[in-house]
Amino acid sequence: MTLHSNPLRIAILALLAHPAYAEQTHTFNIPAQPLSQSLQTLANQSGSQMLYAEQSTTGKKSPALKGNYSTGQAAKLLLADSGLTADVADNGTVTIKPVQAKTADGTMTTELKEMTVIGESDDDFNKNYTALNSTSATRTDTPIMQTPQSIQVIKRALIDDQQSVTVSESLRNVSGVVSNNAVFTPSVDYTRIRGFRAEQLLDGFSQYYNPGDRESTINIGRIDVLKGSNAILYSGGAGAPVGGVVNIASKQANAKQSGEVGVRIGTNNYYQPFFDVNQPLLKDNILFRLTGEYTNAGSYLDVVKTERYNINPILTFTNNDTTTLRLQGKVSRWNQPEYQGLPATGTITGNFSTPRKTFVGPNDMPDSRSEFNGVWGSLDHKFNEMWSMNLKARYANSQFDEKVQSLAGADGFTADRPAFRPSTWFLANAELFQQQEERSFLGNATAKFDMGRTKNTVLFGADHSDYQDQGFMDVDMMNTGFINLNKQPLVSTLAYKQAGEGKINQFVHNTTYGGYVQLQSTIYDRFHLLTSVRAGHVTTDFQNTSTKASSKASKTKILPRVGAVFDVTNEFSLFINYSEGMRGQPFVNFSGTPQPEESTSLEGGIKFNIAEQVTGQIAGYQIDRTNVAVRDNSDRFFRSVAKGQQRSRGIEADVTWQATEALSILANYAHTDARFTDDLAGVPKNNRLLLVPENTGRLWVNYRFQQPLLQGLSVGGGLYAQSAAYLSNNNTFKADGYHNFDASIAYEKQNFKVSATVKNLTNERYYQAFGYFDGRVIPSEGTSAYFTASFKY
């Protein structure tokens, strides 16, 4: 990993430092060994951030060190007679550099070479919001300023300062992202980036439907949001999502024993105990970490009560030099009565008003459920200064079972208009069950070399994903009922019972694989070129044994990606990027030749890093999506044909400002124009895509007191706002725009931390587009508050 610091390139070696680490005494036990390994061990045992040039330690040995020392004292003892010295910054960061020498004119000089990463970084101890590097976009540790793509990083510090209760809440910190609603059953991922469907990844693996306890934040190390098609590197599941990917990086085990146990309580009987235990098992070589969280919560909505949990172990084997093996797992569960939202009529339109907290269905509605189980491993090995490799594999199974007493109106199951005016709808018992099994493999090899005035990184890789999905959807149309949403109390004429036989009759088999090569070149230190190409294959095989419907789409295509960054100065860069993607279309019965959907993405803009304080980018883009499955009206069975077209254009801005060590500021804005570019989908050309607001914005400010009497105290506040969004693609109904304010306060002293946050501080009342059967709304929660207390060691 390389970073810009004016003309210098630096990189993080290991754990990021606590502001007071340099003054603390630690117990060290470091044997005599190569200096590079000793510095790695020093970083692990002290939890300090270290910066140094790898070349400066080559061939050098260090003496044994045993006893109690400050980090600075220990570093200087290890560097004795090495020709190197250590400087300790106020925040505990240790910089290793050559001893200064006098030139002929008597001035002092220090030759500073490129500094590269040895070890790994961890955001657990870093209190600012600025991320300078990312591996997600290129699978190599590359400065974001040198990557020709829109990348935003949500660091752990931001999640903690905002006291985010859900992942979806955290994603508001990135421009152009429309996140899931936490009340929605985890059976489909509604995350949208730049107007199109995106996909959440876990440590680089596709989560597809994103089932289980997907909103938990306990095991998040950081979140990388990559915008546009990422088909070169991320084509698992059914293929590359059009809008982008959200890669959630798990917390990693490290060599410093630590832990946290706490509980969060909140409005509507919210109760959430959690733990995070990090335990080295064999010095610095075998490391273990386990996180977990259980949530039991009522709701501002009638009947809705949520129970969810997740457990996340990781075991790491490392020699702290060339080889690291990580074995990880996740078990998560979610249970809640299915909430289907409310119709547009009676909420945002109509001559009557449905009570905001109304739950459609009986009070004894059985829970819907969702679960995920997965195990995966990652092997990193460095052969020499030029070659390294990474191998990853995962096995996962998941399932969800949705039970609902669904509304049906004049517009079918979208149900935004009543079946009988002014306020009566049909009711039908329904159940959707699906279970999935996935096997994925990812592998790549990296070569780094200089040639003339260029610095180059070549990545060779291949991947294979096998995803099997089967289930049924039963709707009982023989025994229907009615409900009048204008009559209080609500009276349903239908009791819930099993909707059908519950027999699995739909089968989808997604297979994706491909090989790719990627070249990153830095030319004359200012021009950064990224070119890559993938030979990708997508097969989607769909079978319905009840209707005898079947279709199989299979395609192999060359997918290019090319981009460039030009450093206008050390603080400003211009970038441009073009890429293509391909994705299968499961659960679609085609009348003609089945085809995967395809996409092209073009973006450009400016990136900046001003004085290592103000970082971010401004970008413009266009994404075109083709071969979208639409109904074939000429087919007597109304099957689908791959002909639909859509387009999204917009501008975005993301900024983080570390004004001082105490003051952190984040701001973003997005203008998104996502439309149909033909009328084949049964809606007029130029209709806007559902759920996508035209304008969104976010501002967050956090202050961490530095005065001795107030040290450990922090306060923060923020605003989120968005414009109106259509409920469905027919653009008949639109949920109004809204805004809300949040505020938080936290105090941390030695081993204890307490914090409190208030969401929707001014109790704004509004409706959001919900997306249930491509329609309906959900009311805002109103003011809510949460209190968290934890013990750390």
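Modeller: Please note at the outset that this is a predicted model. Strands of a sheet pair through backbone hydrogen bonds, in either a parallel or an antiparallel manner. Here, β5 and strand β9 (residues 94-98) run parallel and are joined by two bridges. Within that pairing, Leu-51 has Thr-95 of β9 as its bridge partner.

Biologist: What is the order of the strands in the open sheet, and which are the edge strands?

Modeller: The open sheet has three strands in the order β5-β9-β8, and its pairing is mixed. Its edge strands are β5 (50-51) and β8 (84-88), each of which pairs on one side only.

Biologist: Which helix lies across β5, β8 and β9?

Modeller: That is helix α2 (residues 71-78), which runs at about 175° to β8.

Biologist: I now turn to the backbone. Where are the peptide bonds that are cis?

Modeller: The general idea is that most peptide bonds are trans, and that most residues other than glycine have a negative phi. In this model, the bond from Arg-421 to Pro-422 is cis, with omega near 5°. Pro-422 belongs to the loop between β27 and β28 (424-451). The bond from Gln-488 to Pro-489 is also cis, with omega near -5°, and Pro-489 sits in the loop between β30 (481-484) and β31 (506-523).

Biologist: Which residues have a positive phi although they are not glycine?

Modeller: Ala-611 is one of them, with a phi of about 60°; Arg-776 is another, with a phi of about 75°. Ala-611 is in the loop between β35 (597-610) and β36 (614-631), whereas Arg-776 is in the loop between β45 (767-769) and β46 (777-779).

Biologist: Is Arg-776 buried or exposed?

Modeller: Buried means under 20% relative accessible area. Arg-776 has 0%, and therefore counts as buried. Ala-611, by contrast, is partly exposed because its relative accessibility is 47%.

Biologist: Why is Thr-147 classed as it is, and what is it in contact with?

Modeller: Thr-147 has a relative accessible area of 2%, so it is buried. This residue is in the loop between β13 (142-143) and β14 (151-155). Beyond its neighbours within four places in sequence, its contacts are Ala-137, Thr-138, Thr-142, Val-565 and Lys-607.

Biologist: Finally, which residues form the nonpolar patch on the surface?

Modeller: The patch consists of Phe-383, Met-386, Trp-387, Phe-460, Val-517, Val-533 and Ile-558, which together have about 600 Å² of accessible area. Trp-387 belongs to strand β27 (residues 387-408) and, at 32% relative accessibility, counts as partly exposed.

How values were computed:
Residues are numbered from 1 along each chain as its sequence is written. This is a predicted model: local features need pLDDT of at least 70, side-chain atom pairs count only at pLDDT 80 or more; totals for chains, interfaces and linings use all residues. Side-chain values use heavy atoms; hydrogens and water are left out. Patches are made of residues with over 30% relative accessible area and no salt bridge: like charges are joined within 9 Å, nonpolar side chains (Val, Leu, Ile, Met, Phe, Trp, Tyr) within 5 Å. Accessible areas come from the Shrake-Rupley method with a 1.4 Å probe; for residues, only the protein chains shown count as cover. A salt bridge is a side-chain nitrogen of Lys or Arg within 4 Å of a carboxyl oxygen of Asp or Glu. Helices (H or I, at least four residues) and strands (E, at least two) are DSSP runs, numbered from the N terminus. Buried means under 20% relative accessible area, exposed over 50%, partly exposed in between (1.4 Å probe, protein chains only). Two strands pair if DSSP finds at least two bridges between them. Contact means heavy atoms within 4.5 Å. Axes are lines fitted to C-alpha atoms, for helices over the stretch in contact, and angles run from 0 to 180 degrees between N-to-C directions.
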